[in-house]
Amino acid sequence: MVKIADYAGGKTAWCPGCGNFGILTAVKKALVALEIEPRRVLMVSGIGQAGKLPHYTRGNLFNSLHGRTLPVATAAKTANPELVVIAVGGDGDGYAEGGNHFINTARRNHDITYIVHNNQVYGLTKGQASPTSDLGFVTKTTPHGADIPLNPIALAIAADASFVGRGFAGDVDHLSKLIMQGIQHRGFALIDVLQPCVVFNQKNTYAWYRERVYKLEGYYDPGNKLAACEKAQEWGDRIPIGVIYRKERATFEERLPALRKGPLVRRKLDPMQAEELLGEFL
Amino acid sequence: MVLNLNVMVGGEAGQGVQSVGFILAKAFARGGFHLFADQDYESRVRGGHNFFRIRVSDGEVGAISEGVDILVALNQESVELHRGELVRGGVVVFDKEKAKGISGDGDLFGVPLERLAEEKGGSGLMANTVALGVALGLVGYDLETLNNVLREHFGTGEMGEGNVKAAAAGYEYARNNYRGEFKQSLKPLSDQKRMLINGNEAIALGAIAAGCTFMAAYPMTPATSIMEYMAGKSDELDLVVVQPEDEISAINMIIGAAFAGARAMTATSGGGFCLMVEGLGLAGMTETPMVVVIGQRPGPAIGLPTRTEQGDLQFVLHASHGEFLRAVLAPADIEDAFWLTVKAFNLAEKYQLPVILLTDQHLASSYSAVGKFDLSKVSIDRGLLLSEEELGRLGEYKRHQITPSGISPRALPGGSALVVTDSDEHDEEGHLIEDAETRTQMMLKRLRKLDGLSAEIGRPRIYGPQKAEATLIGWGSTYGALKEAVDILRGQGLDVNLLHLNELWPFPAEAVSGVLDGAGRSFVVENNATGQLARLIRAETGKKVTGNILKFDGRPFTPALVVAELKKEVT
């Protein structure tokens, strides 16, 4: 029986009221609900306030570089598919510095869950624009206002991510269930989380989101790619949360014949396996 | 070494220069000969000018030589470009019916290559195989040995038999028309088969023997064939080979795979390594073992993509910000490439750090006929990698535990211990910290591994007498050329020896210093423009070499060139 207490981690260094707290609780609840023990979990995070999340819970942890979360996470999963791998990062980490990794990881469909704390602003470096900042968002580094924001949901669908969801840090129960679905999904699961930054983003606040977010329910079919593309464009007065797109397809790990005999990490290393190869050079 | 036969195959990309050269080399290797072969090619898929040089000998040979005995010219341009390289008695084999304005007299052996290919082999495309037959006919080599190689290469079907017939046609033509006109003859020496292998293949085999199961790399000349070889064997040996979106991803992938517990490697050239540099630091900070192969080519930027250089030594020694340990190994030759690759994996895991294997285009694509690698001598040392039993006895586990050696016992995620690490400075458990005391202790812990690591570094090789009036100093792939240069110079009465380094970092300062103390004058010989090893020696030993012999035109050293340059310095 896995308990929330099993996931009790270190003392947090986030601002009071930060949206990250909701995400942290949702992650823990999801893991407990799925009865996953901490020792089976590998969290890989990037740099930014979001990247600290794994330190505040328990499990195996690799806190990587800014933007490099996904290559580390996906390769660890490939080497040992028995691990439950959860990658965690912010919008700057995943959509700016790590943008190329994001597109290609989605395309390859590695079986990991990627939680992006999307607060539309840079927190750790104190208030600069991020790739998802709203158009015209003025900061010290963008005095003329930010450019058109990147749409991570649409980008993920375009890259054929096999699970694309959006959650809201202010609705922990909904987010937690979304994360559970992401973990259970075979393949790459993006969970973009709308996360208020109480210090640097005075526009996209809890109240702002509460007025706008609505849950995608029964009538919406996330299996319809065209409908999902359309849904991905919705932003402004109404913002959908939930599973926006889902498609079952073979994962990267399933397509590797090398893994059929079990995880690489349990392989017995034997120099003599090269013997036959040497003969080919004679 | 009595026998010394140099064959050059020249032509344009797409004419089969590489195939013909390789088949010829294989036929010689099958006959028990030693050989060294290198390739010179342009950065293009069709056209241009490429050549493949084979030097055959009855004794060890580790470099190419300038003179050509038989030039197999697959196009007219090759005749024009390389005829001047013929030694006395050397000949050119070319297609007299295709070439314009070249007579078939004297050293020019005009053979109707394409016509014979059509008539005997069934396709004009086999003109290169006819030429191969001519070359072997000139030296009276065993045709059956060649036929076996052709059948292995082209299959035993129509294609294989066509090529066998084409080769026979060329062989007979040479016997009938040029008997006695070429002075050297070559009969297979022995049944002892040697492996015909290039530097990249030796690295790939070394990695496989060492238990590397995960490779991620982005294609880049001259390193790509390592990845291609591994990928080609991935199903057979259950290896994972990933070609990700870029080199940044590649290096972070091998870090992830290694953290999970696989032996992991990437391979690139200097330009790709530029993108990997932050990842190198990540491995340093998180103490993740990994092997990075860098096949150098001339830079900066794209430089000369298909040529050779030793311009990245100082770069790899200092790459990435901050201070952390790494090892740098630079194979001296093809056999060394195999063994140092094995060593790289062991050092990486034993000391939990990145190990760089620094080669270059010359070593990567040169072939040598070497004795079969003795796999029983390959040992796999995973260092302080804890078993579940050992973990159980340990009780509390801390990934970055402070120890006297600096090496922390390593556990893998998924077992009973929780494994935590961070690119931020961290405490023993692996959680990020900011306090001064922990930072200091963790830096000292990581850097303390230097003592153990330094002791693992092999002594530099000395060739020739222990002390000499002039000492040549080199590193990496120049070994063969330098060794032979020493032989030639000593044969001419000069008191010369060689100090050669293949394990460069941690720098074997004491050993190098000792040799320099006993040396008269000393000259570094490097394939770069600024004498990077000379600077390293000065930094690490305080000693200044007498002079630098440098070459940075993208081409490898030959023994004769080293001899000429040294003579300029000492006489």
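**Note on the two-chain model**

1. The buried residues of helix 16 of chain B pack against strand 12 (327-329) and helix 13 (334-351) of chain B. Contact here requires C-beta atoms, placed from the backbone, within 7 Å. Helices (H or I, at least four residues) and strands (E, at least two) are DSSP runs, numbered from the N terminus.

2. This is a predicted model, in which local features need pLDDT of at least 70 and side-chain atom pairs count only at pLDDT 80 or more, while totals for chains, interfaces and linings use all residues. Residues are numbered from 1 along each chain as its sequence is written, and chains are lettered from A and ligands numbered from 1 in the order in which they are written.

3. Which residues of helix 16 of chain B are buried? They are B:Lys445, B:Arg446, B:Lys449 and B:Leu453. A residue is buried if 20 or more other C-beta atoms, placed from the backbone, lie within 10 Å of its own. Helix 16 (residues 436-456) has 21 residues and should span 30 Å at 1.5 Å a residue; its end C-alpha atoms are 32 Å apart, which agrees. The expected span is 1.5 Å times one less than the number of residues.

4. The contact between the chains takes 46 residues from chain A and 54 residues from chain B. On the side of chain A that touches chain B, strand 2 (60-63), helix 2 (69-79), helix 4 (99-108) and helix 9 (275-279) each supply at least two residues. Helix 2 of chain A gives the most, with eight residues. By class, that side has 25 nonpolar, 13 polar and eight charged residues. Ala, Val, Leu, Ile, Met, Phe, Trp, Tyr, Cys and Pro count as nonpolar, Asp, Glu, Lys and Arg as charged, and the others, Gly among them, as polar.

5. An open sheet of nine strands includes strands of both chains, in the order 7(A)-8(A)-5(A)-6(A)-4(A)-3(A)-1(A)-2(A)-15(B), with mixed pairing. Strands pair if DSSP finds at least two bridges between them. Strand 7 (213-215) of chain A and strand 15 of chain B each have a single partner strand, so one side of each is left without a neighbour in the sheet.

6. Strand 2 of chain A pairs with strand 15 (residues 420-422) of chain B in the parallel sense, over three bridges. The bridge partner of A:Leu61 is B:Val420, and that of A:Phe62 is B:Thr421.

7. Chain B also has an open sheet of eight strands, ordered 6-5-4-1-3-2-14-7, with mixed pairing. Strand 6 (108-111) and strand 7 (195-198) of chain B are its edge strands.

Note on methods:
Contact = placed C-beta atoms within 7 Å. Buried ≥ 20, exposed ≤ 12 C-beta atoms within 10 Å, placed from the backbone.
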